[in-house]
Amino acid sequence: MENLRRVALLITILLCAPAMADESPRCIDIGNDKKRLDCYDKLHGFKSKDSITVVTLDKLTSPSSPQTSEVVVTAIDEPVSTAVVAAAQEAYDNVIANSQTLKISRVSKSKSRKTYYFTKSGRVFLKLSDTSSSFREDDIVTLELGFLGSLFMTNQDKVRIKVKEMKKRQ
């Protein structure tokens, strides 16, 4: 009985070795770590359930030639928690919201001499700059992020005013 087990084990090893020998050297020869791991994952049937593709931009523009832009995109599969995805989405929404072109629908001054800019999209901004220049109704403005999270509005005439977005009351 003991010899029968040894013979069965030997036959199994001999039958499986050629199948594994065909695939393993192909994976070993791959130089890129990520691609080599993917090869082994496919070989052994591994599938990640909770992964997300993260895209990183390595180089946006060349400083020497601004007219030619070069974008290198690298995709990485990593397990990511729901909180990280929510935080990333919120940061993305902030960047998109602040890169918009807005139209001033109304300019209002309070009794305490504070100036408020109302936009057609419903956003309200408080003027923080001490300059005497101000925006008028129907001015087209863009939002720009400044140092330490400051926010600036710039109109079509290149007038730049520091502002603070007011929180909407619900």
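**Exercise 1.** Decide whether R123 counts as buried or exposed in this predicted model, and find what its side chain contacts.

*Solution.* Begin with the cut-offs, by which buried means under 20% relative accessible area, exposed means over 50%, and partly exposed lies in between, with a 1.4 Å probe and protein chains only. R123 has a relative accessibility of 9%, and therefore it counts as buried. Finally, look at the side chain of R123, which makes a polar contact with the side chain of E165 at 2.8 Å. A polar contact is a pair of N or O atoms within 3.5 Å, of which, within protein, one must be able to donate a hydrogen and the other to accept it, while residues adjacent in sequence count only if both atoms are side-chain atoms.

The model is predicted, so local features need pLDDT of at least 70 and side-chain atom pairs count only at pLDDT 80 or more, whereas totals for chains, interfaces and linings use all residues. Residues are numbered from 1 along each chain as its sequence is written, and side-chain values use heavy atoms, with hydrogens and water left out.

**Exercise 2.** Check whether the span of helix α2 agrees with its number of residues, and describe what stands at its ends.

*Solution.* The expected span is 1.5 Å times one less than the number of residues. Helix α2 (residues 33-44) has twelve residues and should therefore span 16 Å, and its end C-alpha atoms are 17 Å apart, which agrees. At the N-terminal end, N32 caps α2, with a side-chain oxygen 3.0 Å from the backbone nitrogen of K34. After α2 comes G45, whose phi is positive, near 75 degrees.

**Exercise 3.** Find the aromatic pair in the structure and classify its geometry.

*Solution.* Rings of Phe, Tyr and Trp (its six-membered ring) pair if their centres lie within 6.5 Å, and planes under 30 degrees apart count as stacked, over 60 as edge-to-face and the rest as tilted. Searching the whole structure gives one aromatic pair. Y117 and F135 form this pair, with 5.3 Å from centre to centre and 55 degrees between the planes, and it is tilted. The pair links distant parts of the chain, as Y117 belongs to strand β4 (residues 115-119) and F135 to the loop between β5 (124-127) and β6 (140-145), 18 residues apart. Y117 is buried, with a relative accessible area of 0%, and F135 also counts as buried, at 3%.

**Exercise 4.** Name residues of the largest nonpolar core and the elements that supply two or more of them.

*Solution.* A nonpolar core is a set of buried Ala, Val, Leu, Ile, Met, Phe, Trp, Tyr and Cys residues joined through side-chain atoms within 4.5 Å. The largest one has eleven residues, among them Y117, F135, L151 and I161. Two or more residues come from each of β3 (101-109), β6, β7 (151-155) and β8 (160-165).

Note on methods. Helices (H or I, at least four residues) and strands (E, at least two) are DSSP runs, numbered from the N terminus.
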